[in-house]
Amino acid sequence: MITKRIIPCLDVRDGRVVKGVNFEGLSDVSSPISLAKYYSECGADELVFYDITASSDGRKLFTDILCETAKSVFIPLTVGGGINTVEDFDRVLKCGADKVSVNSGAIRNPSLIYEAAKIYGDQCVVISADVKRVDGVFRVFAKGGRENTGMEAIEWIKRCVGNGAGEVVLNSIDTDGVKKGFDLEMLDAVCNVVNVPVIASGGAGKIDDFITLFKTLPKVDAGLAASIFHFGEVKISDLKNEMAKANIPTRLT
Amino acid sequence: MVAIVDYGVGNLFSLKSSLTNIGADVVVTSDKEVLKNADHIILPGVGAFEDAAKKLRDSGLDIVIKELASAGKPLMGICLGMQLLFDKSFEYGEHDGLGLIKGVIKPIKDVVSENYKIPHIGWNPLIFKGDPSPIFSEIKDGDCVYFVHSYYACECDESVIATTEYCTELTAAVSNKNVYGCQFHPEKSGKIGLQILKSFIKIKENN
């Protein structure tokens, strides 16, 4: 039985993990390399590195750090942020990324997913969608959630999967940062129309939120979060023990 | 020395890093002499079977790998590299493999019900078959490893050393004497995966 994945997300800018990180026993809490190792050792099933750098110098630094991380972290690595072309796929895959997630890049250039999937395979291409309810309709937002594209989200995600995206990260802008649980309604709507893994993002505040997620929506494959892991509010080892107790298929290390 | 066969398929960065991490002297090569001098050979691979099999044939590496494997050199195929060890694959047509392990490669969608997602992707526990293989000597039945694949090996009962459950039991690893194959990615399977690679590079060539 395939296990449910727990995925910490690291936002990296100019070579450092942003959003405060608060860990005991880590000498350099904002080093992506140390953090990645720490998460890998405490049982994270996958890591997402999100490049929020604006400058080309920062992008180069990000790529170097990714290479360093991939030299010592042996779990799947997904990279997102600033992926606009097939060359961007190539750049991060050569540094040891296993999957590449596209968001605004796919909105600007709808053939990006198809082109990349043709070269690297569906399993390599992740569509990451920032979705928010507007007048009762799920809409896709671009530019880090700041701009309403006007596109209906479920149809958009279906189209991306049809073009070759092998996985969906669904970020609910409505629940993001609220810490009252994942957006089960939105996730359910997406799970019902695609037959590729769906990763829930946005809203986790405590261990129970993950249990509720996997119990309520068995079709969801993974839960992603950032600050609750970085701040130590939820420890991955505790979370996984609780998941196992609740009979959710879990990889214990 | 461990030689990773470089035949223009996929990304070898993580595999090379994982072997370096466990202290192996590792080289990525398409040089037949280097392969002959290696103590262990790893055949990696991602992508489509037909393309990969053609690249192996066009480079002549298929013959060298078969010779060395038949002579007793420890060989491990990973993911598509494992599938290439088999007689043939039915991925988009019918294509010959290296024939080092008896059996064929077929689509997972033929054997799992519709609600199972393809590719089979994620961490899934190993189910050992028979006595633990030497490559599993330091890990346990039930340990999780990382899979990403849409095709699986079948008609190979006598060489299966582990399966994994995904609607049905899918072949997870095989061996035939000194030839080993892992459908999963040991280089992406955390400590368990590194341990499998460590056990593999301890296997001695039998002449």
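Chain B has an open sheet of four strands in the order E6-E5-E7-E11, with mixed pairing; strands here are DSSP runs of at least two residues (E), helices are runs of at least four (H or I), and both are numbered from the N terminus. Two strands pair if DSSP finds at least two bridges between them. This is a predicted model, in which local features need pLDDT of at least 70 and side-chain atom pairs count only at pLDDT 80 or more, while totals for chains, interfaces and linings use all residues. Residues are numbered from 1 along each chain as its sequence is written, with chains lettered from A and ligands numbered from 1 in the order in which they are written.

**The sheet in chain B**
- Strands E6 (95–96) and E11 (151–154) of chain B sit at the edges with a single partner strand each, so one side of each has no neighbour in the sheet.
- E7 (residues 101–107) of chain B runs antiparallel to E11(B), and four bridges join them.
- Lys106(B) has Tyr152(B) as its bridge partner in E11(B).

**Cores and burial**
- The largest nonpolar core has 80 residues, and Leu47(A), Val100(A), Val168(A) and Leu170(A) touch the most other members.
- A core here is a set of buried Ala, Val, Leu, Ile, Met, Phe, Trp, Tyr and Cys residues joined through C-beta atoms within 7 Å.
- Buried means 20 or more other C-beta atoms within 10 Å of a residue's own, exposed means 12 or fewer, and partly exposed is in between, with C-beta atoms placed from the backbone.
- A second, separate core of 70 residues includes Ile4(B), Ala53(B), Ala153(B) and Leu197(B).
- In helix H3 (residues 86–93) of chain A, the buried residues are Asp88(A), Phe89(A), Arg91(A), Val92(A) and Leu93(A).

**Where the chains meet**
- Chain A puts 26 residues into the contact and chain B puts in 24, where contact means C-beta atoms, placed from the backbone, within 7 Å.
- Helix H2 (residues 56–72) of chain A gives the largest share of chain A's side, three residues.

- Most residues other than glycine have a negative phi, and most peptide bonds are trans.
- Going from Ile118(B) to Pro119(B), the peptide bond is cis, with omega near 0°; Pro119(B) lies in the loop between E7 and strand E8 (120–125) of chain B.
- Lys179(A), not a glycine, has a positive phi of about 60°, and with 16 C-beta neighbours inside 10 Å it counts as partly exposed.
- Cys167(B), also not a glycine, has a positive phi of about 70° and sits in the loop between strands E12 (160–166) and E13 (168–176) of chain B.

Conventions
Two residues are in contact if their C-beta atoms, placed from the backbone, lie within 7 Å.
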